[in-house]
Amino acid sequence: YAILGIASYYGGILITGFIVGIFSGLFFPDVLDAVNETLLGLLMLPFGGLSCYLLYKYLEKSWKKSQPNTNELIGEIGKSNLPN
């Protein structure tokens, strides 16, 4: 899961970078040459964190769905599943 988190962080940065690049290339073509790359990298950091958070929420939601309801299973303790 650590590797998945790292991949989602860099994937979020990459996807956001492509979107910002395409958007600025279409509407503001001169901006790409004048932008400081360090500033652009710092601008992408929150989007990487956001993609990690969204992955976390997705996994949390899917794991809660697959978790068995222990209140229903408490009555099954001590019962044998063997046929009579």
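This is a predicted model: local features need pLDDT of at least 70, side-chain atom pairs count only at pLDDT 80 or more; totals for chains, interfaces and linings use all residues.

Visitor: Where do Lys 57 and Glu 60 sit along the helix?

Guide: They are three residues apart in helix α3 (residues 37–66), which puts about one helical turn between them. Helices here are DSSP runs (H or I, at least four residues; strands are E, at least two), numbered from the N terminus.

Visitor: Why is Lys 57 called partly exposed?

Guide: Buried means under 20% relative accessible area, exposed means over 50%, and partly exposed is in between (1.4 Å probe, protein chains only). Lys 57 has 35%, so it counts as partly exposed. Glu 60, at 25%, is partly exposed too.

Visitor: How many aromatic pairs are there, and what makes Phe 23 and Phe 27 a tilted one?

Guide: The whole structure has four aromatic pairs. The ring centres of Phe 23 and Phe 27 are 4.9 Å apart and their planes make 55 degrees, so that pair is tilted. The rule is that rings of Phe, Tyr and Trp (its six-membered ring) pair if their centres lie within 6.5 Å; planes under 30 degrees apart are stacked, over 60 edge-to-face, and the rest tilted. Phe 23 and Phe 27 both belong to helix α1 (residues 2–27), four residues apart, about one turn.

Visitor: And why is the pair of Phe 23 and Phe 28 called edge-to-face?

Guide: Its planes are at 70 degrees, with 6.2 Å from centre to centre, so it passes both the distance and the angle cut-off. Ring pairs link Phe 23, Phe 27 and Phe 28 into a cluster.

Visitor: How do you know whether Phe 27 is buried or exposed?

Guide: Phe 27 has 53% relative accessibility, so it counts as exposed. Phe 23, at 47%, is partly exposed, and so is Phe 28, at 46%.

Visitor: What lines the largest pocket?

Guide: Its lining includes Gly 17, Val 20, Leu 40 and Met 44. By class there are seven nonpolar, three polar and one charged residues. Nonpolar covers Ala, Val, Leu, Ile, Met, Phe, Trp, Tyr, Cys and Pro; charged covers Asp, Glu, Lys and Arg; the others, Gly among them, are polar.

Visitor: What makes Met 44 buried?

Guide: Met 44 has 5% relative accessibility, so it counts as buried. Met 44 is in helix α3 and touches Ile 13, Thr 16, Gly 17 and Val 20, leaving aside residues up to four places away in sequence. Contact means heavy atoms within 4.5 Å. Met 44 and Ile 13 are 31 residues apart along the chain, yet their C-alpha atoms are separated by 5.7 Å.

Key
Residues are numbered from 1 along each chain as its sequence is written. Side-chain values use heavy atoms; hydrogens and water are left out. On a 1 Å grid over the protein atoms alone, a cavity is a set of points where a 1.4 Å probe fits but cannot get out, and a pocket is an open set with protein on both sides within 12 Å along at least five of seven lines; lining residues have an atom within 4 Å of a point.
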